[in-house]
Amino acid sequence: QVQLVESGGGLVQAGGSLRLSCAASGSIFSINDMAWYRQAPGKQRELVAGITSGGRTNYADSVKGRFTISRDNAKRTVYLQMNSLKPEDTAVYYCNADLTPAGFYLRSYWGQGTQVTVSS
C-alpha cells in the first residue's frame, strides 16, 4: 500500500525556518512530479511548490525567494525548506506525488498533512 508520510511541521516565530519532509513508501514503480500544497482555514488548497523527476521547480509567487523544494529520488523523499516565515504562511501543508504503484497506473497521492503555525 502506497503512503506519503509528512514530518517537520510545528510552531515557529515570524522570521524563523522550518523544513518539511515527505517520504513515499510501499511498492512503487516510479515517481513523477512531487509537490507541496497548503490550506489555511477558510481558504482553498493552493500549490506552494512543485518539482519534476528531473529537478525542475516552480513556486507560488508568495513564497519565491523564501522557500526551496528539493527531492532525493533514492529516498523517495521531497523536502520543503521554508525560511523567513510569515504569519500568512500558517496552514496545513500537504505533500502530493504523481506516482505509479507496482502493477498499477499512474495516479496522484496525498499525504495526511502537517500543521505549520507562524506566530507574529
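## Exercises on a predicted model

Threonine 114 is buried, with a relative accessible area of 11%. The exercises below concern a predicted model, and they begin with this residue.

**Exercise 1.** Find out in which strand threonine 114 lies, and which residues it is in contact with once its neighbours within four places in sequence are left aside.

*Solution.* Begin with the strand: threonine 114 has its place in β11, which covers residues 114-119. Next, check the burial: a residue counts as buried when its relative accessible area is under 20%, and the value for threonine 114 is 11%. Then list the contacts, leaving aside neighbours within four places in sequence, and you find Glu6, Gly9, Leu20, Ala91, Val92 and Tyr93 around threonine 114. Finally, turn to serine 70, which is 44 residues from threonine 114 along the chain, and whose C-alpha atom is separated from that of threonine 114 by 18 Å.

**Exercise 2.** Decide which cysteines are joined by a disulfide, and work out what parts of the chain the pair ties together.

*Solution.* The test is whether two cysteine sulfur atoms lie within 2.5 Å; for cysteine 22 and cysteine 95 the S to S distance is 2.1 Å, so a disulfide joins them. The count by this rule comes to one disulfide. Now place the two ends: cysteine 22 belongs to strand β3 (residues 18-25) and cysteine 95 to strand β9 (residues 91-101), so the pair ties together parts that are 73 residues apart in sequence. The angle about the S-S bond is -80 degrees, and the link is left-handed. As for accessibility, cysteine 22 is buried with a relative accessible area of 0%, and cysteine 95 is buried, also with a value of 0%.

**Exercise 3.** Describe the open sheet that has four strands, giving the strand order and the edge strands.

*Solution.* Write down the order, which is β1-β3-β8-β7, with antiparallel pairing. The edge strands are β1 (3-7) and β7 (67-72), each of which pairs on one side only. From one strand to the next, the twist averages 15 degrees. Looking at one pair in detail, β3 and β8 are joined in the antiparallel sense over six bridges, and serine 21 stands opposite tyrosine 79 in β8.

**Exercise 4.** Is aspartate 89 buried or exposed, and where does it lie?

*Solution.* Aspartate 89 lies in the loop between β8 (77-82) and β9. Its relative accessible area is 1%, so aspartate 89 is buried. Beyond its neighbours within four places in sequence, the contacts of aspartate 89 include Arg38, Arg66 and Val118.

Technical notes: Residues numbered from 1 in each chain as written. Predicted model: local features only at pLDDT ≥ 70, side-chain atom pairs only at ≥ 80, totals over all residues. Heavy atoms only, no water. Buried < 20%, exposed > 50% of the residue type's maximum accessible area, 1.4 Å probe, protein only. Contact = heavy atoms within 4.5 Å. Pairing = 2+ DSSP bridges. Axes fitted to C-alpha atoms, helices over the stretch in contact; angles between N-to-C directions.
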